[in-house]
Amino acid sequence: MHVADLPSIGIFGAGKVGTALARLLVASGYEVVMAGSPRQTALDLLVSVVAPGAKVATPAELVAGAEVIIVAVPFGKAGTVPWSDFGERVVVDAMNYWPPVDGHIAEIDADERSTSEIMAARNPNARVVKSLNHLGYHEMEDDSMDAGSPLRRALAVVGDDPEARAVLARIIDDLGFDAVDGGPLANGRALEPGHPAFGRELSAAELTALVTPAAHLAA
């Protein structure tokens, strides 16, 4: 894809996941804007050091300018993100629910939906996809490989909007991974902690087999 055709990316979260993604995206030619929790001046300094080339913006500026929004804040902070403003945007849920970190959230524990389905319900007009959550932030850069490499790691993309899945699949390929179309958002449970695809280095064929509901119910 020509650089001029690349979608602009906004990242909520300037922690280890957000900044690792920013570095990879900038290196691949994407325009990246970030919003985070530190005061604006502190965030400017942080991003200039750990993700040079990315820009800092207010949440409102990020939403206005980004075609693809990545939510990479701690799961317990998901409510601080302006979901109501995400209508018609491709929104990537890169979060994980970690009770040791987030504490047990009763309504999440009692909900039979995948966590991404719960997030998507915050704005039914957002084109939510789940991905970039089932590998460690340090692996994002260490495991990135050129297309065609026999050892290239696969990442799954799930979501109810096929076009949104395709948009993120192209981005994942640019980041150095094989993208696997994992189907609807409900299949995202297979990518969550404690489920079969989480944290594993898998080929596209191996990951495809695990993301199907029958595979992870049998695991």
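Lys130 counts as buried in this predicted model, with a relative accessibility of 0%. Its salt-bridge partner is Asp93, and the closest N and O atoms of the two are 3.5 Å apart. The pair brings together distant parts of the chain, since Asp93 sits in strand β5 (residues 90-93) and Lys130 in strand β6 (residues 127-130), 37 residues apart. Asp93 is buried as well, at a relative accessible area of 0%.

This bridge is one of 11 salt bridges in the structure. Another joins Asp161 to Arg127, with 2.8 Å between the closest N and O atoms. Asp161 belongs to the loop between β7 (154-159) and α8, while Arg127 belongs to strand β6, so the bridge ties together parts that are 34 residues apart in sequence.

Helix α8 (residues 162-175) contains Arg165, a residue that is buried with a relative accessible area of 13%. The side chain of Arg165 makes a polar contact of 2.7 Å with that of Asp181. Beyond its neighbours within four places in sequence, Arg165 is in contact with residues including Val129, Val157 and Pro184.

Finally, helix α9 (residues 204-211) has Leu207, Leu210 and Val211 buried. Viewed down the axis of α9, its buried residues fall within an arc of 95 degrees, so they line one face of the helix.

How values were computed: Residues are numbered from 1 along each chain as its sequence is written. This is a predicted model: local features need pLDDT of at least 70, side-chain atom pairs count only at pLDDT 80 or more; totals for chains, interfaces and linings use all residues. Side-chain values use heavy atoms; hydrogens and water are left out. Buried means under 20% relative accessible area, exposed over 50%, partly exposed in between (1.4 Å probe, protein chains only). Helices (H or I, at least four residues) and strands (E, at least two) are DSSP runs, numbered from the N terminus. The arc is that of the directions from the helix axis to the C-beta atoms. A polar contact is a pair of N or O atoms within 3.5 Å; within protein, one must be able to donate a hydrogen and the other to accept it, and residues adjacent in sequence count only if both atoms are side-chain atoms. Contact means heavy atoms within 4.5 Å. A salt bridge is a side-chain nitrogen of Lys or Arg within 4 Å of a carboxyl oxygen of Asp or Glu.
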